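Good morning, and thank you for coming.

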Amino acid sequence: MGLKYLHTMVRVKDLEASLAFYKLLGLEETRRYENEGGRFTLVFLAPPGQPEAPIELTYNWDGDDGLPNDSRHFGHLAYEVDDIHATCAHLAAHGVVINRPPRDGRMAFVRSPDNISVELLQKGGALEPVEPWKSAPSVGHW
């Protein structure tokens, strides 16, 4: 039996805010599907040059109030980054809370506007811990 990874789907309440967040991470929109009859939009985003590793943002035009709230069953998205310190500084400069700062020079967590946990991992070995991250406390849940 063969198995092929397709995508990870996350529901979003504000498509534009979510797109802005994921684009801050460096993802690029690879395709979009709008369904007038079903009243939803699907937007696929992936890291540059990696169209085989997309996430699917699902936006229901009429909201999600009637859907079960089972988002706790979803763990997190994970992305490798070239420089964990620079990535976190970039996100923080754009108002993203660094929930778990890269105190160890290797790992950080942030959350999307829809409360999706995103893990950022340093490519290769850990970087030398530096301020302001070295002494930064964790904030909220990650």
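**Overall plan**

From the N terminus onwards, the elements of the protein follow the order β-α-β-β-β-β-α-β-β-β. That gives two helices and eight strands; helices (H or I, at least four residues) and strands (E, at least two) are DSSP runs, numbered from the N terminus.

A word on the basis of what I present. This is a predicted model, in which local features need pLDDT of at least 70 and side-chain atom pairs count only at pLDDT 80 or more, while totals for chains, interfaces and linings use all residues. Residues are numbered from 1 along each chain as its sequence is written, and side-chain values use heavy atoms, with hydrogens and water left out.

The C-alpha trace spans about 50 × 35 × 30 Å along its principal axes. Of the 142 residues in the protein, 38% are buried. Here buried means under 20% relative accessible area, exposed means over 50%, and partly exposed lies in between, with a 1.4 Å probe and protein chains only. Contact means heavy atoms within 4.5 Å. Among contacts between residues at least 6 apart in sequence, 56% join residues at least 24 apart.

Let us take helix 1 (15-25). Its buried residues are L15, S18, L19, F21, Y22 and L25. Seen down the axis of helix 1, these fall within an arc of 160°, so they line one face of the helix; the arc is that of the directions from the helix axis to the C-beta atoms.

D14 caps the N-terminal end, with a side-chain oxygen 3.2 Å from the backbone nitrogen of E16. Just after helix 1, G26 takes a positive phi of about 110°.

Which residues are buried in helix 2 (residues 84-93)? They are I84, H85, T87, C88 and L91. Viewed down the axis of helix 2, the buried residues lie within an arc of 165°, so they too line one face of their helix. Their cover includes helix 1, strand 5 (77-81), strand 6 (98-100), strand 7 (107-111) and strand 8 (117-122).

At the start of helix 2, a side-chain oxygen of D83 comes to within 3.0 Å of the backbone nitrogen of H85. Just after helix 2, G95 has a positive phi of about 85°. A89 is also part of helix 2, and A89 is partly exposed, with a relative accessible area of 39%. The C-alpha atoms of A89 and W133 are separated by 9.3 Å, although these residues are 44 apart along the chain.

N35 belongs to strand 2 (residues 28-35). A polar atom of the N35 side chain lies 2.4 Å from the backbone nitrogen of G38. Leaving aside residues up to four places away in sequence, N35 touches F40 and W61.

R39 sits in the loop between strand 2 and strand 3 (40-46). R39 is not a glycine, yet has a positive phi of about 60°, and R39 is partly exposed, at 34% relative accessible area. N115, in the loop between strand 7 and strand 8, likewise is a residue other than glycine with a positive phi, near 70°.

Finally, P132 is found in the segment after strand 8. The peptide bond from E131 to P132 is cis, with omega near 10°.

Methods
Polar contact = N/O pair within 3.5 Å; in protein donor to acceptor, adjacent residues only side chain to side chain.
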